[in-house]
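Subject: Structure handover

Hello,

Here is the structure I promised to pass on. Please open it first, then read the notes below.

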Amino acid sequence: MNMPNFEGPRPPKNGERQQVVNMLNDIFRPETRSVFEEHPYMYCDENIQNLRIVFDGKEPVAVFCGRLWDIQLLGIPFHTASVGGVCTHPGYRGQGLASTLLIDSEKYFTEEGA
């Protein structure tokens, strides 16, 4: 049995976004393969730094998708983050990877002012 070679959490590097989208489609949209089309604002180039990924070697195995937004509530401006598409590959569940991503993402988005 090969031991995992985890890297991350980190945003996807150039050329890794499609692997992440493929994993999300495998888990959330196996029939339609439509994650990118349904949520382009989450997986676009402008937001790629807000995705946090754990890789085993060159394969994504856990994903946290976030987005920073500037909103107003009752006229008061807020810089906030939204979350979607958090998942772990079935073969890697139970190892605390999603918890690691959530902790990392909270730190990252707090540092970004959310």
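Start with the salt-bridge network. Glu7, Arg10, Lys13 and Glu16 are linked in it. Two of the bridges meet at arginine 10. Glutamate 7 bridges to arginine 10, with the closest N and O atoms 2.8 Å apart. Glutamate 16 also forms a salt bridge with arginine 10, again with 2.8 Å between the closest N and O atoms.

How buried or exposed are these residues? Arginine 10 has a relative accessible area of 11%, under the 20% cut-off, so it is buried. Glutamate 16 is at 13%, also under 20%, so it counts as buried too. Glutamate 7 is at 31%, which lies between 20% and 50%, so it is partly exposed.

A word on the model itself. It is predicted. The mean pLDDT of the protein is 94. Of its residues, 97% reach 70 or more. Which elements sit at the two ends of the confidence range? Among the elements, strand β2 (residues 51-56) has the highest mean pLDDT, 97. Helix α3 (residues 40-43) has the lowest, 93. Where pLDDT is low, the predicted coordinates should not be read in detail.

Back to the charges. The structure holds 8 salt bridges. Another one to look at joins the side chains of aspartate 26 and arginine 33, at 2.5 Å from N to O. Arginine 33 has a relative accessible area of 34%, between 20% and 50%, so it is partly exposed.

Next, aspartate 104. This residue lies in helix α4, which covers residues 97-111. What does its side chain make a polar contact with? The partner is the side chain of arginine 52, at 3.1 Å. Setting aside residues up to four places away in sequence, aspartate 104 touches Pro9 and Arg52.

Now turn to the surface. Tyr41, Trp69, Ile71, Leu73, Leu74, Ile76 and Phe78 form a nonpolar patch there. Together they have about 720 Å² of accessible area. Two elements give two or more residues each to the patch: β3 (59-73) and β4 (76-88). The largest share, 3 residues, comes from β3.

Isoleucine 76 lies in strand β4. Why does isoleucine 76 count as partly exposed? Its relative accessible area is 47%, and that value falls between 20% and 50%, so the label is partly exposed.

Last, glutamate 112. This residue lies in the segment after α4. Its relative accessible area is 39%, so glutamate 112 is partly exposed as well. Which residues does glutamate 112 contact, leaving aside its neighbours within four places in sequence? They are Leu68 and His79. Glutamate 112 and phenylalanine 6 are 106 residues apart in sequence. In space, their C-alpha atoms are 25 Å apart.

For a quick tour, take these stops in order:

- Arginine 10, which has salt bridges to glutamate 7 and to glutamate 16.
- Aspartate 104 in helix α4, with its polar contact to arginine 52.
- The nonpolar patch on the surface, including Trp69 and Phe78.
- Glutamate 112, in contact with Leu68 and His79 when neighbours within four places in sequence are left aside.

Over to you.

Best wishes

Terms used:
Residues are numbered from 1 along each chain as its sequence is written. This is a predicted model: local features need pLDDT of at least 70, side-chain atom pairs count only at pLDDT 80 or more; totals for chains, interfaces and linings use all residues. Side-chain values use heavy atoms; hydrogens and water are left out. Helices (H or I, at least four residues) and strands (E, at least two) are DSSP runs, numbered from the N terminus. A polar contact is a pair of N or O atoms within 3.5 Å; within protein, one must be able to donate a hydrogen and the other to accept it, and residues adjacent in sequence count only if both atoms are side-chain atoms. Contact means heavy atoms within 4.5 Å. Patches are made of residues with over 30% relative accessible area and no salt bridge: like charges are joined within 9 Å, nonpolar side chains (Val, Leu, Ile, Met, Phe, Trp, Tyr) within 5 Å. Accessible areas come from the Shrake-Rupley method with a 1.4 Å probe; for residues, only the protein chains shown count as cover. A salt bridge is a side-chain nitrogen of Lys or Arg within 4 Å of a carboxyl oxygen of Asp or Glu. Buried means under 20% relative accessible area, exposed over 50%, partly exposed in between (1.4 Å probe, protein chains only). pLDDT is the predictor's confidence in each residue, from 0 to 100.
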